[in-house]
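Hi everyone, thanks for making time for this. Have a look at the structure on the screen, and I'll walk you through a few spots I liked.

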Amino acid sequence: TRFAIDGIALIVAKQSSDTLITVNEVYDIMRGTSKSNKQLVFDNAYSSTIRYFIDSAGVSQLPDKGVYTLETTNDVIKFVAENNNYIGVLGVNWLVGEAKDSSPYLKDIKTLAVKNLPGKKHAEAYYQPTQQNLIDGKYPFLRNVYIINGEGKNGLGTGFANWLASPRGQLIVLKSGLGPHEIAEREFNWKNK
């Protein structure tokens, strides 16, 4: 059952002149065919973000230069804030809400707007990794988050899965910086006194 939509944000140093990038440019860096001096920095060599880009770009191994890994997401944020021509790759939930308190370097970075591949849905413009763009499917680097119920009967796991899909669970997903699978409708009754 899908219960959330995650996005992968691309960040650069605040003083960088870059504000836009295309999916093709990112894939070219991953393939080692980029003509620019841009380089990608991931949190670690075994993270789900690097796996996402390896699969999406269709590469079997990382190029010798242009793609680097560090230890943690905080290391990526710090490194990108202190170095130009590097693009950090991290989950969007690191950029919203209470996660902003986790790194003092967040004030020294900015996110890039991304344009999808030609012919793909919403490929006409560049989109920031905002929650609304995740929910609308406009931002190209999206990942669906699923809960897998292997219980085989109704029990605690099924109850938790149902709760995650409920309006209250979806509100928690929204507050965490991810895109909820479904936003509950809110009805208001206005009364004039």
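Predicted model: local features only at pLDDT ≥ 70, side-chain atom pairs only at ≥ 80, totals over all residues.

Asn-85 sits in the loop between helix 3 and strand 5. Is Asn-85 buried, exposed or partly exposed? Its relative accessible area is 35%, so Asn-85 is partly exposed. The backbone is worth a look here too: Asn-85 has a positive phi, about 65°, and yet it is not a glycine.

There's another one like that. His-122 is also not a glycine, and its phi is positive, near 60°. You'll find His-122 in the loop between strand 7 and strand 8. With 18% relative accessibility, though, His-122 counts as buried.

Now over to helix 3, residues 73-82. Which residues of helix 3 are buried? They are Thr-73, Val-76, Ile-77, Val-80 and Ala-81. These residues cover an arc of only 125° around the axis, so they end up on the same side of helix 3. And what do they pack against? The answer is strand 1, strand 3, strand 5 and strand 6.

Next, the core. The largest nonpolar core has 41 residues, and Leu-10, Met-30, Leu-40, Phe-42, Phe-53 and Phe-141 are the ones with the most contacts inside it. Strand 1 gives the most to this core, namely six residues. Take Met-30 as an example: setting aside neighbours within four places in sequence, its contacts include Leu-40, Phe-42, Phe-53 and Val-67. There's also a second, separate core of seven residues, with Ile-147 and Leu-164 among them.

Last stop, the aromatics. How many aromatic pairs does the structure hold? It holds eight. One of them is Phe-53 with Phe-141, an edge-to-face pair at 4.8 Å centre to centre, with 65° between the planes. Phe-53 is in helix 2 and Phe-141 is in the loop between helix 4 and strand 9, so this pair ties together parts that are 88 residues apart in sequence.

Definitions and conventions: Residues numbered from 1 in each chain as written. Heavy atoms only, no water. Buried < 20%, exposed > 50% of the residue type's maximum accessible area, 1.4 Å probe, protein only. Helix = DSSP H or I, 4+ residues; strand = E, 2+ residues; numbered from the N terminus. Arc of directions from axis to C-beta. Contact = heavy atoms within 4.5 Å. Phe/Tyr/Trp six-rings, centres within 6.5 Å; stacked < 30°, edge-to-face > 60°. Core = buried A, V, L, I, M, F, W, Y, C linked by side-chain atoms within 4.5 Å.
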